[in-house]
Amino acid sequence: MFLNLLPEENKKDFMILANSIMMADGVQAEEELSNIDAYCREMNIEKEEYKTEMLDDSVASISSLSFSIKKAVYLELYALAVSDNDFDDSERELLKRFKNAFEISDTDEDNIREVCDEYITVCNKMNSILM
């Protein structure tokens, strides 16, 4: 949704972070894979295997961006983590790490979670109407 804010040189960093969230619980859920595909389309990049070995470098790279971009990245990563309706402890720990690295306040985190949860609820309602 907001990945168009990312500079070109940070798109791969985002995908490494997203891949680490998707792989955190050891399950690649269909919803998560669908989101990964959507991220690639939104950022106009090729889908490839993004190695999580570079996670520390990618966190540092994203951490150097503006606060609004860091909040957008955190929002996208939170939405990915909850997209499969299984918000695992390992995903929570990774998000906590990203939150601290990006200097996201508790208030901002609460607001991000609230709006993502509302968005998911609305999407589920639309799907139930249309399907």
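**View 1. Asn85 sits in the loop between helix H4 (67-82) and helix H5 (89-102).** Helices are DSSP runs of H or I with at least four residues, numbered from the N terminus. The model is predicted, so local features need pLDDT of at least 70 and side-chain atom pairs count only at pLDDT 80 or more, while totals for chains, interfaces and linings use all residues. Residues are numbered from 1 along each chain as its sequence is written, and side-chain values use heavy atoms, with hydrogens and water left out. Asn85 is not glycine, yet its phi is positive, near 60 degrees. Asn85 counts as exposed because its relative accessibility is 68% (buried is under 20% relative accessible area, exposed over 50%, partly exposed in between, with a 1.4 Å probe and protein chains only).

**View 2. Glu103 lies in the loop between H5 and helix H6 (106-130).** Its phi is positive and near 60 degrees, again in a residue other than glycine. With 59% relative accessibility, Glu103 counts as exposed.

**View 3. H4 and H5 pack with their axes 10 Å apart, at an angle of about 175 degrees.** H4 is therefore roughly antiparallel to H5. Axes are lines fitted to C-alpha atoms, for helices over the stretch in contact, and angles run from 0 to 180 degrees between N-to-C directions. Angles over 145 degrees count as roughly antiparallel, under 35 as roughly parallel, 65 to 115 as roughly perpendicular and the rest as oblique. Residues of H4, including Phe67, Tyr74 and Ala81, meet residues of H5, including Leu95, Phe98 and Phe102; contact means heavy atoms within 4.5 Å.

**View 4. The largest nonpolar core has 36 residues.** Such a core is a set of buried Ala, Val, Leu, Ile, Met, Phe, Trp, Tyr and Cys residues joined through side-chain atoms within 4.5 Å. Phe14 and Phe98 have the most contacts inside this core. Helix H1 (11-23), helix H2 (30-43), helix H3 (55-63), H4, H5 and H6 each supply at least two of its residues. H4 gives the most, with 9 residues. Beyond its neighbours within four places in sequence, Phe14 is in contact with residues including Leu3, Tyr39, Ile62 and Leu77.

**View 5. The whole structure has 0 disulfides.** A disulfide is a pair of cysteine sulfur atoms within 2.5 Å. Cys40 is in no disulfide, and the nearest cysteine sulfur, that of Cys116, is 19 Å away. Cys40 counts as buried, at 4% relative accessibility. Cys116 is buried, with a relative accessible area of 6%. The closest cysteine sulfur to that of Cys116 is in Cys123, 10 Å away, which is too far for a bond.
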